[in-house]
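Here is a friendly walk through the model, from its strands to the surroundings of its ligands. Keep the structure open beside the text as you read.

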Amino acid sequence: MIQTQLAIIGGGPAGLCAAISAAESGSKVLLIERNDTLGGQLVKQTHMFFGSEKQYASTRGIDIAKILLDKLEEHKDNITIMKDTTVLGIYEDGVITAMRDEDKYMKIKPEALIVATGASEKFLAFPNNDLPGIYGAGAVQTLMNVHGVKPGNKVLMVGAGNIGLIVSYQLMQAGVKVEAIIDAAPKIGGYLVHASKIRRMGVPIYTSYTVKEAIGSDALEKAIIWKLDEAWKPIAGSEISFDVDVMCVSVGLTPLNELLVMSGCEMQYIPELSGIVPMRNENYQTTVPHIFTAGDSCGVEEASSAMVEGYLAGLCASDHIGNRHPMYEEKKADFINQLEGLRSGPEAAHIRSGVEKSLRR
Amino acid sequence: MIEKTGIPSREQVMDVFPDVERINKGPVAVIECYKEIPCNPCTTSCKFNAIYIGDDINKRPDLSEEKCIGCGVCLSKCPGLAIMVVDGSKSSETVDITIPYEFLPLPKPGEIVDGLDRSGAFIAKVKIIKVLNPKSYDRTPLVTASVDRKYLYDFRNIRLEETL
Ligand SMILES: Cc1cc2nc3c(=O)[nH]c(=O)nc-3n(C[C@H](O)[C@H](O)[C@H](O)COP(=O)(O)OP(=O)(O)OC[C@H]3O[C@@H](n4cnc5c(N)ncnc54)[C@H](O)[C@@H]3O)c2cc1C
Ligand code: SF4
Ligand code: SF4
């Protein structure tokens, strides 16, 4: 049995910031990540981030990961990193089980725990959606930005949220032709500045369209889309066909938090936060007192908010086990303030309403 | 409609454009950030305090045409690539328009390339006069093209032969 003060599950921006902040509070931290690299979604993002300077706006995602890893390094005396290790379960007695390198099992007993496991991609149901050539946006990004491999030559992008728009742009930068971007919603979901920069490269955006079917014998050869009426019902005769070898499905993320469900935390379905999320207080403490959460796993949002939530959860989880940062109150107020700022605009109205619903006072 | 197509209307474009007298005096930024988003690197990158957003980072950026000297720094810092610089002080027939351009290969000064509008449609051939890609721009190069004045409100992008 491995003993530690604070275990953090997930090495994305939320988990990294939680580790940094907990170490600054004087906690001994064990950071567990299932991949062989830290950074989570950030390592796939070659574009400049939005937000304010405090959350590294205008810096590219991959470079934000480097900044956080450097900060982590400064606290290496207090942080143990365990990569290639997947947490499989959290039990009621507080023990967590993990698997390393596919076959080594271990038990860990932390005094407190932060779950920052991020989110998983939603997929879309349509005939032949299992043909080779049809990928989720995450897979396309991993191929291109991590392995440097082009997924194909001509792409239909399904989803005009920020991720769909950004991945389209990255595909074009890699020399792949994006034939069109479609979205079932009547309006573009992502930021208009992203939409405009793709549109002026000549890529059409079709709103109120969805995929009718994919066609191909061994791999994707054609994608057929059709228009949706006001009741989101497809209109026969409105079909448009694209000769594409790749379809990239980017219809959103949903919080990844089976571990929290398993540990007995109170959960609730909150559509504004994109799925089932844990109930938590302003310290990001769940209804199981020694378990905290941060980032997309408690509501799909942005890296900017994931980082601030991570800092806050690391600070508060440390306090919970008796490691109070000398500037605890000031820091806590600052993080809460930053989160409010990030969530204050019209684009974040759904997040505000979701966060309100998930908050236990 | 921009929410459906990504293409701003002529009214929206005209609304954010400095007037022609200002453009004829020398380089000035045009900020095409049409919707409130939580973002502010344009303000923090401008050493001349020419862009105002204020405490609420969701507000749209407001340009002071007097303070802006058209240096171009904010173009490379804006994650939305929403800003360009226009300069009408060089000639009565053309304007120099500087855009951020993140595609390879980069054009070379003197090269004639396709000028595109906000939908990506071809409008006219334009001549590249400057290409800047210093380290401080962090992989967002700035390209300046000399564009016929009648396309002042249309030009927004370029296309090279080699690119798709
Ligand atoms: C294309 C794209 C563009 C984006 N652009 C922006 C942007 O411009 N600005 C912005 O602010 N945000 C942006 N985001 C969002 C941002 O990347 C995410 O919100 C952010 O990464 C969430 O951080 P996180 O730490 O919660 O989760 P993640 O980054 O997903 O990290 C979770 C980590 O947990 C690990 N993990 C999961 N389960 C386990 C387990 N059981 N055991 C061990 N480890 C586990 C995962 O491997 C992963 O490393 C973008 C996202 C995408 C996909
Ligand atoms: S062009 Fe230069 S002076 Fe003008 S707003 Fe941008 S950074 Fe400021
Ligand atoms: S940096 Fe660009 S996208 Fe962000 S607010 Fe300024 S103009 Fe808009």
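This is a predicted model: local features need pLDDT of at least 70, side-chain atom pairs count only at pLDDT 80 or more; totals for chains, interfaces and linings use all residues.

Two strands count as paired if DSSP finds at least two bridges between them.

In chain A, strand 1 (residues 2-9) is joined to strand 2 (residues 29-32) by four bridges, and the two run parallel. To find this pairing on screen, look for I8(A), which stands opposite L31(A) in strand 2 of chain A.

## A hairpin in chain A

Strand 4 of chain A and strand 5 (residues 96-100) of chain A run antiparallel and are joined by five bridges. One bridge pairs T85(A) with R100(A) in strand 5 of chain A. The two strands form a hairpin with five residues between them. In the turn sits G94(A), with a positive phi of about 90°.

## Around ligand 1

Which residues come nearest to ligand 1? Of the 34 residues around the ligand, the nearest are A14(A), E33(A), Q41(A), D296(A) and A303(A). By class, this shell holds 14 nonpolar, 15 polar and five charged residues. Both domain 1 (2-120 + 253-358) and domain 2 (123-249) of chain A supply at least three residues to the shell.

Several polar atoms come up to the ligand. An oxygen atom of ligand 1 lies 3.0 Å from a side-chain N or O atom of R34(A), and an oxygen atom of the ligand is 3.1 Å from a side-chain N or O atom of H47(A). A303(A) takes part through its backbone: a polar atom there is 2.9 Å from a nitrogen atom of ligand 1. Taken alone, the ligand exposes 1,000 Å², of which the protein buries 95%. The elements of chain A that give two or more residues to the shell are helix 1 (13-24), strand 4 (85-90), helix 4 (162-173) and helix 7 (303-320).

## Around ligand 2

Turn now to chain B. The residues surrounding ligand 2 include the cysteines C46(B), C68(B), C71(B) and C74(B). Also in this shell are F48(B), A50(B), I51(B), L63(B), I69(B), G70(B) and G72(B). How many charged residues does the shell around ligand 2 have? There are no charged residues; the shell has nine nonpolar and two polar ones.

## Two backbone details

In chain B, the peptide bond that joins L104(B) and P105(B) is cis, with omega at about -5°. P105(B) is found in the loop between strand 5 (94-100) and strand 6 (112-116) of chain B.

In chain A, have a look at N128(A), a residue other than glycine with a positive phi, near 65°. N128(A) is placed in the loop between strand 7 (119-121) and strand 8 (134-136) of chain A.

How values were computed. Residues are numbered from 1 along each chain as its sequence is written. Chains are lettered from A and ligands numbered from 1 in the order in which they are written. Side-chain values use heavy atoms; hydrogens and water are left out. A residue is near a molecule or strand if one of its heavy atoms lies within 4 Å of it. A polar contact is a pair of N or O atoms within 3.5 Å; within protein, one must be able to donate a hydrogen and the other to accept it, and residues adjacent in sequence count only if both atoms are side-chain atoms. Accessible areas come from the Shrake-Rupley method with a 1.4 Å probe; for residues, only the protein chains shown count as cover. Ala, Val, Leu, Ile, Met, Phe, Trp, Tyr, Cys and Pro count as nonpolar, Asp, Glu, Lys and Arg as charged, and the others, Gly among them, as polar. Domain bounds come from an automatic or database domain assignment.
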